[in-house]
Amino acid sequence: MARPTFAWARGFICALQRRQRTQVISMCTRTMKTCVLNAIGDNFTEDALNNAAKLLQQGELVAFPTETVYGLGANALDPAAVAKIYTAKGRPSDNPLIVHVSSLDMLRPLVAADAFPSEGSTAARVCSRFWPGPLTLLLPRREAAVPDQVTGGSSLVAVRMPAHPVALRLIDRAALPVAAPSANVSGRPSPTTAAHVLEDFDGRIPCVIDGGPTAVGLESTVLDLNRQPPLVLRPGGVTLEQLRELLPTVQLYDAHVHGTALADTPSTPGLKYRHYSPTAPVVLFELGTDATDSARTADMQARVLQRLRRELQSHRLVGVIRTHRTGACSYTVDGATSRTLPPDDIDDDDRTAAAAGTVSGSCSDVHEPTDGAPTVLIYELGDAAVPATVARGLFAALRRLDRQHVGVILLEGIDERDEGVAVLNRTRKCASEVSRPAAASAGHQS
């Protein structure tokens with residue numbers, strides 16, 4: 001059964017989170033004007049590209065789109081520039097960064113000679129299949145080339161070649177590898193639009209390149225080829241099923257199976273710290289595995305509805321992220337009103353603003369109950385039968401409901417297959433509480 005959660009405890013936690021994030025923002029006073037460069041379609045001019053590349057060469061931070069999420073980039077070879085990433089994000093210094101390259105030639109001086117993806121090697125086959133793309137490889141680094149600040153002191157460096165054309169052009173024009181975690185305050189949901197970046201960093205970084213909404217919506221998969229069998233340390237844009245077509249024995253990291261040492265001294269982001277959390281607490285409702293699809297969905301939605309009734313007794317606004325369209329529950333509660341938030345609204349607003357040369361960092365349709373009745377805000381995230389759609393919109397959904405100032409977010413889970421593996425990885429990390437079917441809860445501590 002789900003663990004009991006008390007409203008006062010959640011309120012205290014939320015207040016503490018807000019205070020911590022305010023402290024992070026205060027470390028970088030909003031004294032600069034953040035330039036937004038429009039890179040949607042054919043709008044990324046040579047002058048804009050040169051200006052952004054020059055900022056990286058000068059040791060400044062530039063937020064830019066990738067196919068996964070927006071990254072906060074700095075010259076990976078400059079320790080002082082890399083330090084600015086950690087300061088801006090409020091990121092723990094032992095949480096490594098991923099280095100982005102635009103070619104294998106750029107990768108070569110960063111990794112040990114015997115680790116370079118030479119023809120015929122497993123690394124070369126993986127790169128040929130998945131690069132450019134949402135896959136990060138862990139490779140032994142050349143310590144003289146890659147600063148400790150990038151790797152958190154690890155002997156391995158996380159590297160990838162992004163598939164987004166703007167990212168590739170920027171890195172190539174700057175002519176240097178770019179260290180870039182997600183462009184958000186540490187612990188917050190990752191940004192999938194330029195507007196999300198500005199929510200956290202407007203006035204605190206010099207430049208944001210607006211390439212529109214990202215295509216994948218979740219961070220890259222991290223693959224460690226230095227162990228046998230190969231190990232996925234973080235699921236992401238490349239699925240386990242896709243990797244197994246090339247590497248049949250690859251496994252997914254599980255602390256119960258592989259031990260906690262990998263998370264205690266991480267060589268890649270996403271292992272040690274809690275991530276992806278909005279200010280509002282999130283309750284994840286997982287599906288069972290021992291019944292038909294319709295029965296599992298009905299059980300999950302019954303648990304959501306029961307919890308919703310409880311939460312409406314103490315919150316005027318409660319958010320529900322719905323991922324199941326077949327037999328969807330209406331989540332109607334006596335005495336409460338409901339409103340559905342279409343998932344594409346914020347992205348459409350961003351595209352329109354970007355086309356006009358500006359990007360809004362806040363949502364214009366914040367709902368405030370006027371009649372005193374509590375309100376359920378339902379965000380239609382997508383269809384669980386197409387997990388890639390759910391993955392693409394997850395972080396936008398969490399940010400959207402946070403902007404609505406909901407008291408709590410109730411999130412329907414999906415099956416742990418294909419992109420659903422990465423979705424559940426992220427939602428379990430952001431959740432304050434996980435509700436499982438009674439049979440599963442009996443043998444599983446939430």
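Student: Two strands pair if DSSP finds at least two bridges between them. In β15, what is the bridge partner of Thr337?

Tutor: Thr375. First, the ground rules. This is a predicted model: local features need pLDDT of at least 70, side-chain atom pairs count only at pLDDT 80 or more, and totals for chains, interfaces and linings use all residues. Residues are numbered from 1 along each chain as its sequence is written, and side-chain values use heavy atoms, with hydrogens and water left out.

Student: How many helices and strands does the protein chain have?

Tutor: The chain has 16 helices and 17 strands. These are DSSP runs, numbered from the N terminus: H or I over at least four residues for helices, E over at least two for strands.

Student: Back to β15. How many bridges join β14 to it?

Tutor: Five, and β14 (residues 337-341) and β15 run parallel. Strand β13 (residues 317-322) also pairs with β15 in the parallel sense, over six bridges. There, Gly319 stands opposite Leu377 of β15.

Student: Is β15 mostly covered or mostly open?

Tutor: Mostly covered: six of its six residues, 375-380, are buried. Buried means under 20% relative accessible area, exposed means over 50%, and partly exposed lies in between (1.4 Å probe, protein chains only). Thr375, Leu377 and Tyr379 point one way, while Val376, Ile378 and Glu380 point the other way.

Student: What is the strand order in the six-stranded sheet?

Tutor: The order is β14-β15-β13-β16-β12-β17, an open sheet with parallel pairing. Its edge strands are β14 and β17 (433-435), each pairing on one side only. Direction ignored, neighbouring strands are turned by 20° against each other on average. The axes behind that angle are lines fitted to C-alpha atoms, for helices over the stretch in contact, and angles run from 0 to 180 degrees between N-to-C directions.

Student: And which residue of β16 stands opposite Val320?

Tutor: Leu410. Three bridges join β13 to β16, and the two run parallel.

Student: What covers the buried residues of α5?

Tutor: The cover includes β5 (135-140), β9 (221-224) and α9 (240-246). The buried residues of α5 (122-130) are Ala123, Ala124, Val126, Cys127 and Phe130. They lie on the same side of α5, because they cover an arc of only 160° around the axis. That arc is taken from the directions from the helix axis to the C-beta atoms.

Student: How many residues of α15 are buried?

Tutor: Nine of eleven, so α15 (420-430) is mostly covered. Val421, Leu424 and Cys430 are among the buried ones. The buried residues of α15 pack against β10 (231-234), β11 (251-252), β12 (282-285), α14 (387-403) and β16 (409-412).

Student: Cores next. Which residues touch the most other members in the largest nonpolar core?

Tutor: Leu135, Leu137, Leu170, Ile209 and Leu223, out of 72 residues. Helix α2 (46-57) gives the most to this core, with six residues. Apart from it lies another core of 31 residues, among them Tyr276, Leu394, Phe395 and Leu424. A nonpolar core here is a set of buried Ala, Val, Leu, Ile, Met, Phe, Trp, Tyr and Cys residues joined through side-chain atoms within 4.5 Å.

Student: What is Leu170 in contact with, leaving aside neighbours within four places in sequence?

Tutor: Leu49, Ala52, Ala53, Leu56, Val62, Phe64 and Ile209. Contact means heavy atoms within 4.5 Å.

Student: How far is the sulfur of Cys35 from the closest cysteine sulfur?

Tutor: 5.1 Å, to Cys207, which is too far for a bond.

Student: Last one. What share of the protein chain's residues count as buried?

Tutor: 58% of the 446 residues. Among contacts between residues at least 6 apart in sequence, 74% join residues at least 24 apart.

How values were computed. A disulfide is a pair of cysteine sulfur atoms within 2.5 Å.
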